[in-house]
Amino acid sequence: MPSTLNTLFFLISITFLFFNHHCYSIDEQGQALLTWKNSLNATKPALKSWDSSATTPCNWFGVHCNSNGDVVEISLKSMELQGSLPSNFQSLKSLKTLILSSNNLSGVIPKEFGDYNELNFIDLSGNFLTGEIPMEICKLKKLKTLAMDSNYLGGKIPSMMGNLSGLVYLTLYDNQLNGEIPKTMGELKMLQVFRVGGNKDLNGELPLEIGNCTSLLMLGLAETSITGNLPSSIGMLKRVQTIAIYTSLLSGSIPEEISNCSELQNLYLYQNSISSSIPRGIGQLNKLQSLLLWQNSLVGTIPDELGTCSELTVVDLSENLLTGSIPRSIGKLLKLQELQLSVNQLSGTIPSEILNCSELINLEIDNNAFFGEIPVDIGKLNSLTIFFAWQNKLTGNVPDSLSQCKDLQALDLSYNSLSGSIPKDIFGLKNLTKLLLLANDLSGFIPPEIGNCTNLYRLRLNGNRLAGTIPSEIGNLKGLNFVDLSENRFVGGIPLSISGCRNLEFLDLHSNGLAGSLPDTLPTSLQYVDISDNSLTGQLSHSIGSLSELTKLNLGKNRLSGQIPTEISSCSKLQLVNLGDNGFFGEIPKELGQIPALEISLNLSWNRFSGKIPSEFSGLTKLAILDLSHNKFSGKLDVLTSLQNLVSLNVSFNDFSGELPNSSFFRQLPLSDLESNKGLYISNGVVSSSDLEHSRHVGPAVKLVMSILISASVILVLLAIYALIRARFFNNGLMEDYTWEVTLYQKLDFSIDDIVHNLTSSNVIGTGSSGVVYRVTIPNGETLAVKKMWSSEEYGAFTSEIKTLGSIRHRNIVRLLGW
């Protein structure tokens, strides 16, 4: 028995020694790498080659060694690694390069990184790293590249970053860093790339010491909260090629010293608050290619010296306060591709020298005060794709030569005083998608050649003196989406071929002389139709039900007749219906009250409708405006009691009877919206509509007395209602500022009371599917648009979307001031 135990013990010992030897056949470097691997979750098979049976890691994927077998580089980019960064690589004493970018690594950057003394290249970008940048990393004297961008790092940039005297490349952009840029950055004499943009809480001024980074090629501080002036020391960066400090809080001036940056190619300072003039020394930047200064408060003129920057390809000075004219020296910029001067106070004529810029692709000079004619030979700019000159004082004709711009995609000359006819050859431009000539003094006809403009998407010719018929060739434009020909002098019928515009969503033909009937077949894609104020006749076709995407239908002020087809209920997205001032008769179909989206307005006035209001109308609980006046309706108004969101109701000149619903809304209705309904009365016998009608026949003196009495009564009623509402608001906490969580995106001088007290029906300027919009004037005289939402449902989604909208700064989006 003892010998058996000894034998067994001997076998176990041999087995242990065998496995122990097997585990430690790999060297110390490999053991460190395997330990880190075992902490990871790698979804790709790349690390399968990291096998403990090897004697050295030098043949493993992503591992590179020198001739002595020392690991000098680990490169594992885009390997979908999950886990934390290695804190045990002290044994990799020769490690120089560590690339772990574009993975799913998380957690903090270990302070042990400061022990990897030989590191000269670290790339941890594109991960999910959090925490602060450890101060220990500033001990890596040999470090040349440090890339930590596109993570979730917070805290401040370490003040000891200046110790990395050999640093050449530093990217920390798109993180959550805060605080100021340390002055010690000026000690990085070798630094060529410094990018910390996209850290919205990075604040303070750009330190004067940045000028000591004389090797700098790229300075990127975009989308931060950097404030103050651009320091004059910027002129010491004689090698810098790109300065990008856009969408920040810079103010003051652009220093004249910037003219010393002789290698500068790209200057991006847009969306700041810079309020100076453009320095004339900018003409010394003869390598400048892109100059983007839009959305600042720049004043003065465009310097003539700009014409000496012969390498310029893009100039965007739009949305500033620039005055004067376009300098004729602009014609020297032979490589210029984009010139954007929109929304300034520029004047003068469009200089003919601009035609020398033969590579010009994008020309935007809208929203200024330019006058005179568009250069007749503008067609020489045959590479032009966008030409915007709207909202100026231009006169003369639309140049025929524009038809030579074969690549032209968008032409907008609206809101000028252009005259003459539209050149028919313009409609031969195969690439033209947008043609906007509205609000001019154009005359003549739309030529049949419009059918050749097969890529046309948006057509606006409204507000001119165009005449003749709408050509049937418009039906060839299969991609047409938006058509506005309103406020012209078109006659004839709406061409039946318009049904061929199968992508048409917006059709506005109001205020013309169109006759005939509404086509039976309209594009089913239509969302907005306005053919009001014409001379259309006939009935509304049953095919109206095929317009399932329709949200707004305006056929008012025509000569239409017949009954409203019941198929209108299929237009389930209708928000606005105007059939007023026609010859419709019969009862309102109950289906009209079953359209759930009907929230903005329903106008059936000035027709010959009769019968009672269908009970289904009680379901229109979000309807804001209802006009049933000047018909032959009868019955009671009780069905309208549930319409809690009404801001306007007119039932005058009908045969309604009975007591007016007992609600604050009905009690506040102007008597003029109730008159000429002989059987209609208000509770307690205060006044009846017949009394109002009788007042037309009494003498002037009595009228005056009654007017005073009525006015006094109305004032008392309004005061009472105001007191009730105020009391109700007080009881609900609505009048107390502390019950509101207010987010403002800029400093505004008003209280919540200033807003709440003005949310009255008299201040309504519009309604929509999401709420009512009010015009509110705050104590300092500024006028705001305030939207009151219908519901607070999906509050989380709302807050997320509204915060996103509040952070957007774009020339085509109205500023959101707060919520």
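Okay, let's start with Glu-353, which is partly exposed, at 25% relative accessible area. For the cut-offs, buried is under 20%, exposed is over 50%, and partly exposed is whatever falls in between, using a 1.4 Å probe and protein chains only.

Quick housekeeping. What you're looking at is a predicted model, so local features need pLDDT of at least 70 and side-chain atom pairs count only at pLDDT 80 or more, while totals for chains, interfaces and linings use all residues. Residues are numbered from 1 along each chain as its sequence is written, and side-chain values use heavy atoms, with hydrogens and water left out.

Back to Glu-353, then. What does Glu-353 form a salt bridge with? The partner is Arg-328, and the closest N and O atoms are 2.8 Å apart. That pair links distant parts of the chain: Arg-328 is in the loop between β21 (314-316) and β22 (338-340), Glu-353 is in the loop between β23 (347-348) and β24 (362-364), and they are 25 residues apart. Strands here are DSSP runs of E, at least two residues, numbered from the N terminus. Arg-328 counts as partly exposed too, at 49% relative accessibility. And by salt bridge I mean a side-chain nitrogen of Lys or Arg within 4 Å of a carboxyl oxygen of Asp or Glu.

How many of those turn up in the whole structure? The search finds 8. Let me show you another one: Glu-263 with Lys-287, closest N and O atoms 2.8 Å apart. Glu-263 is in the loop between β17 (249-252) and β18 (266-268), Lys-287 is in the loop between β19 (273-274) and β20 (290-292), and this pair also links distant parts of the chain, 24 residues apart. Both ends are partly exposed, with Glu-263 at 27% and Lys-287 at 35%.

Next up is Glu-549 with Lys-573, where the closest N and O atoms are 2.8 Å apart. Glu-549 lies in the loop between β37 and β38, and Lys-573 in the loop between β39 and β40 (576-578), so the pair ties together parts 24 residues apart in sequence. On accessibility, Glu-549 comes in at 30% and Lys-573 at 38%, so both count as partly exposed.

Let's stay in that β37 to β38 loop. Leu-540 lies there, between β37 (528-530) and β38 (552-554). Is Leu-540 buried or exposed? Buried, because its relative accessible area is 5%. Skipping neighbours within four places in sequence, Leu-540 is in contact with Leu-518, Leu-555, Ser-561, Pro-565 and Phe-584, where contact means heavy atoms within 4.5 Å.

To pair, two strands need at least two bridges between them in DSSP. Inside the sheet, 2 bridges join β43 (residues 608-611) to β45 (residues 632-635), and Gly-611 has Phe-633 of β45 as its bridge partner.

Methods. Helices (H or I, at least four residues) and strands (E, at least two) are DSSP runs, numbered from the N terminus.
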